Amino acid sequence: LQLPTLLILCFFLILGNFHKAEARIRHHKWEVKYEFRSPDCFKKLVITINGKTPGPTIQAQEGDTIVVQVNNSLVTENLSIHWHGIRQIGTPWFDGTEGVTQCPILPGDTFIYQFVVDRPGTYLYHAHYGMQREAGLYGMIRVAPRDPEPFAYDLDRSIILNDWYHKSTYEQAAGLSSIPFQWVGEPQSLLIHGKGRFNCSKSPSVSTDVCDTSNPQCSPFVQTVIPGKTYRLRIASLTALSALSFEIEGHNMTVVEADGHYVEPFEVKNLFIYSGETYSVLVKTDQDPSRNYWITSNVVSRNRTTPPGLGMFNYYPNHPKRSPPTVPPSPPAWDDVEPRLAQSLSIKARQGYILKPPTTSDRVIVLLNTQNNISEYRHWSVNNVSFTLPHTPYLISLKENITGAFDPTPPPDGYDFANYDIFSVASNANATSSSGIYRLKFNTTVDIILQNANTMNKNNSETHPWHLHGHDFWVLGYGKGKFDVNNDTKKYNLENPIMKNTVPVHPFGWTALRFRTDNPGVWAFHCHIESHFYMGMGVVFEEGIERVGKLPSSIMGCGQTRGFHRP
């Protein structure tokens, strides 16, 4: 090669590397408001983003900065938006958790979130104020990697699963806070990417202008595919209550990613997915191309009364509305825990992408999940303490040294291991409420043991998906019955545990997690079931507050921070 040619080649190689390293700033402008929609054919008020629910997908590349300008046009409601799975390293004030990291966005106000998406993968966003998430404010974040991925596919698609109630969040919250207690009940429908089908004939008193199965808004979700291809499907769940089983009739799915981390591939016929989780699965379109196939979503872990969510896996060029010649596949038994536990145990970090956890921890916190009464009101509690949010966000009160903003007494690190019977209704079902938090030493290793137990109904224990803000954790193990600190710790997977941000604790079982307190801030850790967190099923961790930078004034203005609100 002649010298000029070599120089030109070098120039383009350098330019290519510069381009690869260049991070972009991606701007989004959102108007959040209530609109009448019929996602399952039943018309009700839903929260939309720029007229859509689910909201627009945020697409970015690893290392990019996301800027979202949110205008709260809800008129009568506050608002905050959490960026689920984004660790907010260096920006703990933009985590979007009202009462923990910010004051809510007032009606008519505009708030700007700005954060870096530092890792590739599949993440979510959703409302984090009251029970707003289940009113329709949710969507997906897809972050592309800068390096090649360890699996190949032809096309990349997203599906968000949800459950759907016809009652407003106000009605549900009022019932949960009533004497006698009024439970929210099972959802009316299951949505597949915002679309479901409620049987209007079950409500004959409702007029057709309220419930209309011919409404195009509730036409079934269709995923059109080309035969002979491999699809990456990003499956996410943001259910208010339900654990789900997801299936594509006649097609196996290979799980390759969970919560932004590569999984040692394993094959499933149906994918169990819990609220707050994301998975990527690979699906080969290698079945009979002359027909379409069912996509199904079914409730598990609760005695299902909600009909399945149905969509269409449409082999091109078949008509997308052409029904499959078969009935939808039967779901797994709702009360069979074994296959759900087996899937949880199957999820391991992919070879070549293993981040090994520290071999020991500096602190162990056991969190007993129970249902309790406080002054005749029904609550969920952790170690017999039901969590209440303060009026002044923790991040601000701790950083600005505001005293009296929350209960200074921390919650307990455990419960009465020797005497508490997790298999029975507690003999004393009373609990206390508190806004106290766990203060964690910075840059240490903490183990969390989620311990499930009986509810206030005999022979009943529910599945709880727990989500940690600001971190990923290693999932060290799952087990049945009461966690045994002497023996179960010996069974921990320290070789190739998956890292996640959301994990289930199965009925009458335990789940063991480990994480590093390496992200200065104040972070919520809570059950991702809307009504359970509303009823007190959560805790808050503080770490390295002295290392947090100057707080933006935009997060202030409520509680004892009113005087701090500066333009």
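**A look inside**

Guide: The largest nonpolar core has 63 residues, and I448, F525 and F541 are those with the most contacts inside it. Keep in mind that this is a predicted model.

Visitor: Which domains does this core draw on?
Guide: At least three residues come from each of domain 2 (150-352) and domain 3 (363-555).

Visitor: And what does I448 touch?
Guide: Not counting residues up to four places away in sequence, I448 touches I365, L367, T511, A512, L513, F515, F525 and F541.

Visitor: What's in the second core?
Guide: That one is separate and has 49 residues, including F111, Y125, A127 and Y394.

Visitor: OK, zooming out. How is the chain divided into domains?
Guide: There is domain 1 (22-148), domain 2 (150-352) and domain 3 (363-555). The centres of domain 2 and domain 3, taken over C-alpha atoms, are separated by 28 Å. Their contact takes 34 residues from domain 2 and 28 residues from domain 3.

Visitor: Where does UniProt place its domain feature?
Guide: The unreviewed UniProt entry puts "domain: Plastocyanin-like" at residues 32-146, 158-316 and 423-544.

Visitor: How much helix and strand is there over residues 32-146?
Guide: Residues 32-146 are 0% helix and 43% strand, with the end C-alpha atoms 32 Å apart. For residues 158-316 the figures are 5% helix and 44% strand, and there the end C-alpha atoms are 18 Å apart.

Visitor: Switching to pockets: what volume does the largest pocket have?
Guide: About 620 Å³. The lining of this largest pocket has 33 residues, and E98, G130, T388, L389 and Y534 lie nearest its centre.

Visitor: Which elements give two or more residues to that lining?
Guide: Those are β7 (121-127), β21 (377-382), β22 (385-387), β31 (521-527) and α5 (530-534).

Visitor: Is G538 buried or exposed?
Guide: Buried, because its relative accessible area is 3%, and the cut-off for buried is under 20%.

Visitor: So what is G538 in contact with?
Guide: Leaving aside neighbours within four places in sequence, G538 is in contact with V382, F387, W466, F525, H526 and F533. As for H526, the C-alpha atoms of G538 and H526 are separated by 3.9 Å, although the two residues are twelve apart along the chain.

Conventions:
Residues numbered from 1 in each chain as written. Predicted model: local features only at pLDDT ≥ 70, side-chain atom pairs only at ≥ 80, totals over all residues. Heavy atoms only, no water. Core = buried A, V, L, I, M, F, W, Y, C linked by side-chain atoms within 4.5 Å. Buried < 20%, exposed > 50% of the residue type's maximum accessible area, 1.4 Å probe, protein only. Domains from an automatic or database assignment. Contact = heavy atoms within 4.5 Å. UniProt positions renumbered as here; feature names shortened; annotations may be inferred. Helix = DSSP H or I, 4+ residues; strand = E, 2+ residues; numbered from the N terminus. 1 Å grid on protein atoms, 1.4 Å probe; cavity = no way out; pocket = protein on both sides within 12 Å on 5 of 7 lines; lining within 4 Å. Points joined across faces, edges and corners; volume = space filled by probe spheres on them.
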